Amino acid sequence: SQCRVAAIGSGYMGGGIAQVLALAGSTVTLGDVDEQTASLAFERIVKEAEAFEIAHLLDQGSAMVLRSRLRIAPTLEDAVAEADYVTEAVPESREIKADALSRISAAAPASAVIGSNTSAIPIQELAQSVRHPERFLGVHWMNPAPFIPAVELIAAEATRADVVDTVEAFIRSAGKAPVRVADTPGFVANRLQFALFKEAVRIVEEGSATPSEVDEVVSNAFGFRLALFGPFAIADMAGLDVYNASYSSLEAEYGERLASPAMLSSMVAHGHLGIKSGGGFLDIDAKDVVALVDYRNRAYVALSALRKALG
Ligand code: NAD
């Protein structure tokens with residue numbers, strides 16, 4: 001869908017977001033610390049798209065489309081002056097973000113919606129820097145933005161519900177998979193990613209495996225499944241009783257840190273064991289279980305073939 005977008009902070013993420021939104025039909029004005037930086041970003045985004053075209057990662061003609069839909073502005077204020085939507089991707093510093101957001105909100109039309117790409121700063125805190133917190137939210141893209149589907153949407157207290165609806169529809173129309181999450185540190189994706197990474201580093205620290213051995217196990221074991229399912233679907237398929245029993249062994253060695261979560265133990269105690277008992281974390285109807293398992297098996301075989309084809 002078409003909209004006048006300003007991308008403030010046209011670096012790695014801002015450039016990727018600008019590419020996606022421009023290819024989806026919007027005009028995108030790049031604003032950065034100065035005109036030269038914005039201009040270099042313009043050239044970088046177009047050159048990257050040319051390389052993607054050659055590699056068949058983008059449709060032919062994409063770079064030409066970007067040349068016509070991307071603009072550069074000499075200042076942040078000029079970039080946002082006529083924006084319907086501002087995507088903020090300046091560096092992850094509270095001071096820089098607070099300053100950039102207050103300048104954006106002073107210069108943008110009062111009706112503009114501002115979405116911050118912060119990785120971990122609370123949206124409620126950033127909301128203090130804008131004049132219209134009802135039209136401000138977190139819109140957290142994942143790296144590399146052109147190719148990762150998920151975009152986390154994080155409302156602050158004052159964010160209006162219809163603003164979240166509008167942004168959700170806009171992001172979806174750009175081909176992404178927006179998901180609403182709560183304003184808690186790390187939101188959902190980074191919180192889980194960093195919890196996993198911490199345990200991976202512990203395994204290396206204690207000498208149980210090397211980094212490349214950990215990576216190999218993860219990408220060929222549960223990481224393979226994670227390409228298609230989330231942890232709850234995987235647990236429901238594996239059996240929650242199996243998970244609960246495994247936690248007992250883990251707790252015996254690692255203590256409270258890897259004890260069974262109370263919600264899991266309680267579900268098992270009440271006979272909710274996942275798909276085999278007709279009830280788990282997800283609402284999977286008993287009549288759909290055969291189809292789910294069939295999909296899982298076909299998907300894993302297809303994923304193995306894809307990995308082989310990629311080499
Ligand atoms: P980056 O350093 O590549 O880009 C930041 C850009 O902001 C640069 O072009 C810089 O010149 C510009 N800038 C600095 N101060 C500015 C100001 N006052 N006004 C306008 N522009 C300014 O950083 P990045 O990796 O693109 O990260 C940007 C944001 O995206 C951060 O909040 C980061 O946490 C978040 N993020 C990053 C990733 C990632 O993997 N890199 C993933 C998700 C979210």
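Trainee: What should I know before I start?

Mentor: Residues are numbered from 1 along each chain, as its sequence is written. The model is predicted, and local features need pLDDT of at least 70, side-chain atom pairs count only at pLDDT 80 or more, while totals for chains, interfaces and linings use all residues.

Trainee: Which residues surround the ligand?

Mentor: A residue counts as near a molecule if its C-beta atom, placed from the backbone, lies within 6 Å of it. Here 22 residues surround the ligand, and the closest are G9, G11, M13, E92 and N143. The elements giving two or more residues to this shell are α1 (12-23) and α5 (94-107). Of these, α1 gives the most, with three residues. As for the names, helices (H or I, at least four residues) and strands (E, at least two) are DSSP runs, numbered from the N terminus.

Trainee: How do I read two packed helices?

Mentor: Two packed helices are described by the angle between their axes and the distance between the axes. Axes are lines fitted to C-alpha atoms, for helices over the stretch in contact, and angles run from 0 to 180 degrees between N-to-C directions. Take α1 and helix α2 (residues 35-54): they pack at an angle of about 60°, with their axes 10 Å apart. That makes α1 oblique to α2, since angles under 35 degrees count as roughly parallel, over 145 as roughly antiparallel, 65 to 115 as roughly perpendicular and the rest as oblique.

Trainee: Which residues make the contact of α1 and α2?

Mentor: Residues are in contact if their C-beta atoms, placed from the backbone, lie within 7 Å. G15, A18 and Q19 of α1 meet A41, R44, I45 and A49 of α2. By class, that contact has four nonpolar, two polar and one charged residues.

Trainee: What about α2 and α3, and how are they oriented to each other?

Mentor: The axes of α2 and helix α3 (residues 62-69) come within 8 Å and cross at roughly 165°. The two helices are therefore roughly antiparallel to each other. On the α2 side the contact is made by I45, V46, A49, E50, F52 and E53, and on the α3 side by S62, A63, L66 and R67. That contact has six nonpolar, one polar and three charged residues. In the loop between α2 and α3 you will find H56, whose phi is near 60°, a positive value in a residue other than glycine.

Trainee: Which two residues does a cis peptide bond join?

Mentor: N143 and P144 are joined that way, with omega about 0°. P144 is in the loop between β6 (136-141) and β7 (150-155).

Trainee: Where does UniProt place domains?

Mentor: UniProt positions are given in the numbering used here, feature names are shortened, and annotations may be inferred rather than shown by experiment. From an unreviewed entry, UniProt lists "domain: 3-hydroxyacyl-CoA dehydrogenase NAD binding" at residues 5-183. Over residues 5-183 the chain is 43% helix and 20% strand, with end C-alpha atoms 24 Å apart. UniProt (unreviewed entry) also places "domain: 3-hydroxyacyl-CoA dehydrogenase C-terminal" at residues 186-283. That span is 64% helix and 0% strand, and its end C-alpha atoms lie 26 Å apart.

Conventions: Contact = placed C-beta atoms within 7 Å. Nonpolar A, V, L, I, M, F, W, Y, C, P; charged D, E, K, R; others polar.
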